[in-house]
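Hi,

Here is the structure I promised to pass on to you. Have a look at it first, and then read on for my notes.

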Amino acid sequence: MDIESLKGPLIGGAMIGAAAGLWLLLSGKTAGVSGAVYGAMTGEKNEAPWQAAFLAGLLVGGVLLSLLLPATLPASLGSNHVLLAAGGLLVGFGTRLGGGCTSGHGVCGVGRLSLRSVAATCTFMAAGALTVFLARHVVGA
Amino acid sequence: MRILLAFLIGLLFALGLGVSGMTHPEKVLGFLDLAGAWDPALLFVMGAAVPIYLVAWRLRFGRAPWLGGNAPKAPRHDVDARLFIGASLFGIGWGLCGICPGPAIVNLGNITVGAFLFFAFVLLGMFIFRLTEARKAPNAS
């Protein structure tokens, strides 16, 4: 672990915190990506317009990164399509059942000292760590 | 105005994700791989993001947002089985692929098969969740 390799995470994390924090100051809403996707998809809480705009910003940001900072995006997210499908399903279903993801619970929830979000974050981090442990050190994938 | 700002916030969020390295699955998996060559990057991303969000929240909690509307809701401190089950499922999916909703959308900007496949199944997982919710309380939605 050296200081150089931490610059990206710290600066990027600050940008994420600033973006989410600014949105809280502007709108009073949390910037949770899974919530925004679900809201834009279902239109349930009449927040779909800003949620769709937020997601569009994420997407355009991705395009900008691919053009200006291509090293920030991997050439491939993985070649195991079954794994990507299974992972996607679990992430989609789980984030909604649990009411949030790393941005909603991990940044916005923990950032507001919500015990609910702290519990959720600890849970999905533990589940993630256990999954990686089993995959890499038990199954040897 | 709100729509434009939501878009710009999403853009900043995406750039932050890219700079932080969280758009690379192996950086995330490296953090979750506690028993292996541990990569602390994600910890520093959160470590930078959360305090900044906390400051924003402390500044405006209880007061009306700059764009108008209701003051931010009080953070929740209750936990239930749904939270734990949902967070666990999300964590497993996250541990399988190293991708959560935000990076998934940002990676769409790189236009790869894996990114579209993963995100399509995230949407499917959310859709399935919606179906299960509708079945439980058919009058609710």
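This is a predicted model: local features need pLDDT of at least 70, side-chain atom pairs count only at pLDDT 80 or more; totals for chains, interfaces and linings use all residues.

Gln51(A) sits in helix α3 (residues 48-68) of chain A. Leaving aside residues up to four places away in sequence, Gln51(A) touches Gly35(A), Ala36(A), Gly39(A) and Ala40(A). The relative accessibility of Gln51(A) is 7%, so Gln51(A) counts as buried, the cut-off being under 20%.

Now the wider view of chain A. Chain A has six helices and zero strands, so to speak a plain run of α-α-α-α-α-α from the N terminus on. Its C-alpha atoms fill a box of roughly 45 × 35 × 30 Å along the principal axes. Of the 141 residues in chain A, 56% are buried. Among the contacts in chain A with a separation of 6 or more, 29% come from residues 24 or more positions apart.

Just after the helix, Gly99(A) takes a positive phi of about 80°. Buried residues of α4(A) include Leu84(A), Ala85(A), Val91(A), Thr95(A), Arg96(A) and Leu97(A), and glycines such as Gly87(A), Gly88(A) and Gly92(A) are also on the list. What do the buried residues of α4(A) pack against? In chain A they meet α2 (33-42) and α5, and in chain B they meet α4 (81-97), α5 and α6.

That brings us to the contact between the chains, which takes 100 residues from chain A and 100 residues from chain B. The two chains bury about 9300 Å² between them, with 79% of it on carbon and sulfur atoms. On the chain A side, Leu25(A), Leu77(A) and Arg116(A) lose the most area to chain B, together 9% of what that side buries.

Within chain B, helix α2 (residues 25-32) packs with α4(B) at an angle of about 120°, their axes 8 Å apart. From α2(B), the residues Pro25(B), Val28(B), Leu29(B) and Leu32(B) meet Trp94(B), Gly95(B) and Cys97(B) of α4(B). By class, this contact has six nonpolar residues, one polar and no charged ones.

Most residues other than glycine have a negative phi. Leu113(A), however, has a positive phi of about 60° although it is not a glycine. Leu113(A) lies in the loop between α5 (102-111) and α6 (115-138) of chain A, and is partly exposed at 48% relative accessible area. In chain B, Ile111(B) has a positive phi of about 50°, again without being a glycine. Ile111(B) is found in the loop between α5 (101-108) and α6 (113-136) of chain B, and at 67% relative accessibility it counts as exposed.

Best wishes

How values were computed
Residues are numbered from 1 along each chain as its sequence is written. Chains are lettered from A and ligands numbered from 1 in the order in which they are written. Side-chain values use heavy atoms; hydrogens and water are left out. Helices (H or I, at least four residues) and strands (E, at least two) are DSSP runs, numbered from the N terminus. Buried means under 20% relative accessible area, exposed over 50%, partly exposed in between (1.4 Å probe, protein chains only). Contact means heavy atoms within 4.5 Å. Axes are lines fitted to C-alpha atoms, for helices over the stretch in contact, and angles run from 0 to 180 degrees between N-to-C directions. Ala, Val, Leu, Ile, Met, Phe, Trp, Tyr, Cys and Pro count as nonpolar, Asp, Glu, Lys and Arg as charged, and the others, Gly among them, as polar. Buried area is the accessible area (1.4 Å probe) that two parts lose on being put together, summed over both.
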